[in-house]
Amino acid sequence: MSTPITIQFTVNGKPREVLSPPERPLLEVLREDLALTGSKYGCGEMQCGACSVLVDGRRQFSCRMPMSSAAGKAVRTIEGLAKQNAGDQGGTESLHPVQQAFLDEAGFQCGYCTCGMIMTAVELLEKTPAPDDAQISAAMNRNLCRCCAYPNIIAAVRKAATIAEESRKSSREIE
Amino acid sequence: MKSPAAANDEAMHLSRPLPDDEELVDQVPFHFDVGRRTFLQLLGSGLLIAVSTSEKSNAQERGGRRGGGQAIPVAGRLHIGKDGAITVFTGKVECGQGSRAELTQAAAEELRVAPDRITLLMADTDTVPDDGGTAGSRTTPSTVPAVRAGCAAARDLLIAAAAKTWGSDPAGIVIANGSATSSDGSRHYAYADLAADEAAAQTLGDTVPDDVTLTVIPEWKTLGKPLARPNGPDIVTGTHAYPSDITRPGMLYGHVLRPPAYTAKLVSIDLAAAEAMEGVTVVRDGEFVAVAAPNSWLAREAGAALAKSARWETSPHPASNTLSEHLRTTAHDLPENPHAEETAAAKTTVRETYTIAYVQHAPMEPRAAVAEWGADGKLTVWTGTQMPFRVRSELARAFKVSENSVRVIVPDFGGGFGGKHSGECAVEAARIAKAAGKPVKLRWTREEEFTWAYFRPAAVIEAEASLDVDGKLTSWHFVNINAGGNGIDSPYHCGKKHTRSVGADAPLRHGSYRSLAVTGNTFARECLMDELALAAGTDPLAFRLAHLESGRLRDVLVEAAEKFGFADRWKNKAPSVGVGIACGLDKGSYVAACAEISVSENSIKVNHVCQAYECGKILNPQNLVAQVEGAILMGLGPVLREETTFEGGRITNAAFSRYAVPRFADVPTLDIHLLDRPDLPSVGAGETPLIVVAPAIGNAVFHTTGRRLRDMPLRLG
Ligand code: FES
Ligand code: FES
């Protein structure tokens with residue numbers, strides 16, 4: 001049994017410190033220590049993408065990322081995507097364009113794969129703002145959906161690209 | 001307590017074909033970390049009658065009225081708060097198939113309120129009526145009418161109460177937006193008023209009348225239109241708590257010691273090393289050995305220590321590479337073809353054998369359960385199952401307590417597909433929690449799910465059919481070994497037909513699956529039809545049409561063929577692509593598909609699937625399309641690649657890296673044509689769209705390669 005060590009990293013912009021064996025997967029620390037259960041276990045072998053999170057902006061399979069590799073890094077999970085609207089104590093949220101698009105296009109059935117799909121799509125759109133269907137399918141191919149909601153997921157990613165493009169345009173107009 | 005291995009044995013050797021009601025569709029509810037008292041506070045005051053714990057919910061009296069048909073009080077179906085909040089109760093679950101939206105629509109339609117006014121409380125056995133398991137595509141034909149009836153009865157009570165209050169004739173009262181309005185439009189009486197009016201509220205205790213009037217289709221405002229999943233926002237923000245996400249104060253994480261093979265018996269084990277670990281509880285109860293620890297990492301470490309010291313004895317178990325032989329040689333009472341005379345007189349007889357491999361549901365969320373024993377001895381379990389009440393019975397039996405001392409809560413979960421009818425994970429979690437004296441979460445690993453959950457039964461199908469000189473079918477003999485008789489009857493006109501389903505010594509634990517045996521039976525039948533068409537010298541479409549009466553099946557066949565342009569594409573073969581067609585029916589709905597495939601280096605690529613589907617009146621077109629697409633795509637897996645392999649009592653491909661399910665790259669062009677039939681009752685659609693995928697592809701492979709593949713998955717190499 002390996003000895004727990006103190007590991008510091010940030011999650012959704014907040015500094016965090018955990019005491020954990022260095023080999024323990026990031027996914028379990030997020031879910032069990034930090035109560036962030038949006039990232040899911042689907043396979044534990046980097047085959048399904050249900051556990052996808054962004055680490056320093058890149059999609060990682062958190063089920064196989066040892067805590068030691070997360071030390072000092074910035075981790076972003078589904079819980080960090082929606083924006084808490086300022087001045088709003090009740091906490092209305094603005095969904096991230098990708099979340100909004102998955103909602104609009106019904107990009108899920110059971111929804112268990114959805115957080116992983118959304119995180120993967122966020123990475124894709126940050127790199128490729130206007131992907132075509134083939135690019136979407138290639139970028140998402142390591143994420144599994146057993147409900148096979150694939151057509152609606154592709155539609156959702158396409159829609160997210162459109163929403164993001166429109167909001168870029170309108171903010172340019174405001175400027 | 002019984003060891004999981006022993007418990008599995010019972011279910012595992014179901015050698016008889018599964019009955020129809022073992023079939024299922026997927027669904028789930030949420031509502032987990034609130035105790036009943038809190039829950040009642042959340043509902044607000046108002047009449048609440050929990051029907052599920054009453055004596056009349058025992059299985060015998062339920063018999064025959066599954067799906068929501070039992071006579072219950074209106075208040076057993078819905079709760080109206082004095083603040084006007086409406087909560088509708090159902091025993092159905094949501095696991096992706098769309099029951100939450102559909103049942104919300106059903107309630108909204110009859111109550112005449114907007115769907116967002118309704119909270120649907122699903123599958124909490126202490127609160128909801130037993131609507132039967134979420135299986136066999138029964139939600140649409142049984143539970144939608146039951147929910148509509150309960151809500152229509154509430155609406156009638158609202159009218160009666162308003163009429164009484166106003167001393168007016170109920171006939172002129174109109175209900176809209178959750179409120180009754182007098183004929184002159186001057187007075188209003190809302191559901192909140194009904195709940196607040198003591199005498200009127202008592203009428204909610206009346207039994208839902210059998211003859212309550214439901215809203216007719218032309219007046220539908222909510223049903224028949226798209227409605228998105230009501231808890232969609234919780235899904236996209238990650239806030240919905242699936243069974244594996246449930247957390248309870250002081251909760252520990254469980255891990256179960258699994259035998260190294262199906263036949264393994266535990267000979268000895270030393271618990272000391274695991275027991276010495278800090279915070280770890282070890283449970284041993286017969287062959288059941290497990291641990292609980294403060295996190296799953298520690299639980300696994302303790303489990304590894306146990307596994308190291310365990311000694312097992314194994315005995316032989318058949319391997320998947322001899323599966324077909326094994327099933328054939330162990331088949332019970334394999335019948336002869338009784339049509340020897342017709343066969344002798346026939347112009348041509350085609351006799352072939354088709355095989356279907358074992359496959360698994362592999363829902364995205366593996367089995368998971370959180371179990372908690374209250375100080376009063378009451379057991380509460382949050383788990384993902386399609387059978388909340390059956391799992392409650394399973395738990396009550398396992399712990400020798402009454403069903404009333406067990407509460408099963410099913411949060412909307414991550415996929416079922418017929419694979420979550422059982423409660424083994426719930427029982428295991430509860431056993432560990434009992435030993436640990438704390439709530440315990442147990443989430444199976446993918447490997448456990450691939451090994452210890454059940455499988456869609458493998459099959460060997462033997463078929464023989466003969467044709468006369470005019471190319472008409474004269475005899476049909478069709479036997480399914482092991483997988484069951486669902487969908488075994490041929491819809492084609494034929495002089496003499498003989499179909500039989502026989503059991504065999506099944507090497508793996510099997511159970512339900514989306515459309516279960518219908519997929520294999522349809523594959524064999526529809527491939528055989530193509531082989532017969534070839535023998536008769538006609539094209540596959542004309543041959544089918546020549547043997548089909550007019551009716552719903554013929555309608556979808558013609559629709560799919562026309563939309564795809566089948567006749568032409570089949571005759572004027574394009575280079576290196578093949579097209580195939582197939583049709584079938586299951587659970588009252590009708591489907592036909594055309595597929596286009598191409599072959600390169602022995603691999604089959606599906607380019608296009610055009611499907612026509614008809615399931616009576618459409619209730620939610622958006623969800624229906626999603627179900628049809630999902631079923632087609634899921635169906636591609638067992639056609640192209642999926643096959644559970646085993647040797648020495650071990651599954652040899654218990655991982656997604658070795659068991660390849662459909663991915664984005666496999667998605668063909670899909671072109672779905674729904675036939676809406678307002679003149680026909682609505683039936684469930686989560687299964688049937690899957691059944692024609694395999695034969696349409698198999699027939700397309702023959703079309704382009706001239707090779708007839710009769711074993712699923714289809715392999716050219
Ligand atoms: S759980 Fe990490 S990839 Fe499947
Ligand atoms: S929506 Fe169920 S796994 Fe993707």
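Hello everyone, and let's start with how chain A is divided: its domain assignment gives domain 1, covering 5-80, and domain 2, covering 83-174. Please keep in mind that this is a predicted model.

Let's look at those two domains together. Their C-alpha centres lie 21 Å apart. Where they meet, 17 residues of domain 1 of chain A are in contact with 15 residues of domain 2 of chain A. About 1,400 Å² is buried between the two domains of chain A, and carbon and sulfur atoms give 56% of that. Which residues of domain 1 lose the most area to domain 2? They are Leu54(A), Arg59(A) and Ile78(A), and together they make up 38% of what that side buries.

If you want to find a salt bridge on your screen, look for Arg76(A) and Glu126(A), whose closest N and O atoms are 3.5 Å apart. Five residue pairs are in polar contact across the interface of the two domains of chain A. On the domain 1 side, strand S3 (52-55) and strand S4 (58-61) of chain A are the elements that give two or more residues. The largest share comes from S4(A), with three residues. Sorted by class, this side of domain 1 has seven nonpolar, six polar and four charged residues.

Let's turn to chain B. Here, 52 residues of chain A are in contact with 55 residues of chain B. The two chains bury about 4,200 Å² between them, with 60% of it on carbon and sulfur atoms.

Several helices of chain A each supply at least two residues to the side that touches chain B, including H1 (26-33), H3 (97-104) and H4 (114-127). H6(A) gives the most, with five residues. By class, the side of chain A that touches chain B has 28 nonpolar, 13 polar and 11 charged residues.

Methods: Residues are numbered from 1 along each chain as its sequence is written. Chains are lettered from A and ligands numbered from 1 in the order in which they are written. This is a predicted model: local features need pLDDT of at least 70, side-chain atom pairs count only at pLDDT 80 or more; totals for chains, interfaces and linings use all residues. Side-chain values use heavy atoms; hydrogens and water are left out. Domain bounds come from an automatic or database domain assignment. Contact means heavy atoms within 4.5 Å. Buried area is the accessible area (1.4 Å probe) that two parts lose on being put together, summed over both. A salt bridge is a side-chain nitrogen of Lys or Arg within 4 Å of a carboxyl oxygen of Asp or Glu. A polar contact is a pair of N or O atoms within 3.5 Å; within protein, one must be able to donate a hydrogen and the other to accept it, and residues adjacent in sequence count only if both atoms are side-chain atoms. Helices (H or I, at least four residues) and strands (E, at least two) are DSSP runs, numbered from the N terminus. Ala, Val, Leu, Ile, Met, Phe, Trp, Tyr, Cys and Pro count as nonpolar, Asp, Glu, Lys and Arg as charged, and the others, Gly among them, as polar.
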